[in-house]
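Please find below a note on the model under review.

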Amino acid sequence: MRVPSGNYVAVRNMISFWIFGMCNNFAYNVMLGAAQDILTRSSNITGKVANSSERCVEVITSRSCSPASAGVVLLCNILPCLIVKLLCPFFMEHIPYSVRHFVICITQLASLLVTAWAESVPMALIGVLLASFSCGFGETTYLGLASHYSKHTISTWSSGSGMAGLAGTFSYAVMTDVNLLALTPTDAMLVMLVVPISFMFSYYMLLVRAPTVPTVSVFKPSTWLDFTTEHK
C-alpha cells in the first residue's frame, strides 16, 4: 500500500527535526564528557600511564592534577551559547535558514577537529567555545524553523535533544574506555565527525522545504542575506 504523499512528507520532516535536535546538541554534550581529557592536554598527566587494571592502586605516591578546574570547560561550554541566544533576536531574521544551517554544521565540525588536534589546554578550549556557539546558534535556528512546519516537529526536536545527552556522553565513554574500544581522545573526536556530516545533509536532502522558508542559491550571493525583512 502506497503511503500518501502528505504523510510521507510529514514523516520526513519529523525525522529531520529529530536529527536536528540530536546532532545540534551532540558536540555540546561530548565536550562535557571529555572535560577531564581536555584539561590534560600537554600537561604532565598526559604522559602518565593510566591504571587500566581492575585492581586499585595500593600505594599512591603522586597526585594527578590539572592546572585548571573542570569548571573552566563548563564555563566555556555555556558562555558562547548564552551570548548567542541574547544577541540573535537583533539580527537573526536577516540570515536565511540554509545559511544558518551551513554555519552551524561547519562550526561543529571545526570544534571537533580543533579539540581533537589541540596540543594545549587553551587550544582545546577554543574547540569547546566553537561547540557551544554551534549549539546556541542551532537552538535558536531550528526552533524558529519549526514554526514553518507541523506542531509535531517540536516534539521530535525535543526527543532528539534528549537523545543527544545520552548519545554524546555514552559514545565518548565507550570509545575511550580502556576495557571497551580503547580509542584515544583524539581518535574518538575524529570518529564523531560523522555527526556534523550527517547533520549537514539532513537539512538539504531529507527535510522537505516549506513554502514559507526562503530559498538560497549558492551561485547568487545576494540571497545569502535578507535585509528586506523588517524586525517585528
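**Note on helix packing, core and confidence**

1. In this predicted model, helix 6 contributes Y97, S98, H101, F102, I104, C105, I106, Q108, L109 and L112 to a contact with V195, P196, I197, F199, M200, Y203 and Y204 of helix 10. Contact means heavy atoms within 4.5 Å, and helices are DSSP runs (H or I, at least four residues) numbered from the N terminus. The residues involved comprise 14 nonpolar, 3 polar and no charged.

2. The axes of helix 6 and helix 10 (residues 194-206) lie 9 Å apart, at an angle of about 170°. The two helices are therefore roughly antiparallel, a term applied to angles over 145 degrees.

3. The largest nonpolar core has 49 residues, among which F20, I38, L145 and M189 touch the most other members. Such a core joins buried (under 20% relative accessible area, 1.4 Å probe, protein chains only) Ala, Val, Leu, Ile, Met, Phe, Trp, Tyr and Cys residues through side-chain atoms within 4.5 Å. Helix 7 (residues 121-145) supplies the largest share, 8 residues. Beyond neighbours within four places in sequence, L145 contacts F17, F20, Y97, Y203, L207 and V213.

4. Mean pLDDT (the predictor's confidence in each residue, from 0 to 100) is 83 for the chain, and 82% of the residues score at least 70. Residues 42-54 fall below 50, and this stretch has 14 contacts beyond near neighbours in sequence.

5. Residues are numbered from 1 along each chain as its sequence is written, and side-chain values use heavy atoms, without hydrogens and water. Local features need pLDDT of at least 70 and side-chain atom pairs 80 or more, whereas totals for chains, interfaces and linings use all residues.

Definitions and conventions: Buried means under 20% relative accessible area, exposed over 50%, partly exposed in between (1.4 Å probe, protein chains only). Axes are lines fitted to C-alpha atoms, for helices over the stretch in contact, and angles run from 0 to 180 degrees between N-to-C directions. Angles under 35 degrees count as roughly parallel, over 145 as roughly antiparallel, 65 to 115 as roughly perpendicular and the rest as oblique. Ala, Val, Leu, Ile, Met, Phe, Trp, Tyr, Cys and Pro count as nonpolar, Asp, Glu, Lys and Arg as charged, and the others, Gly among them, as polar.
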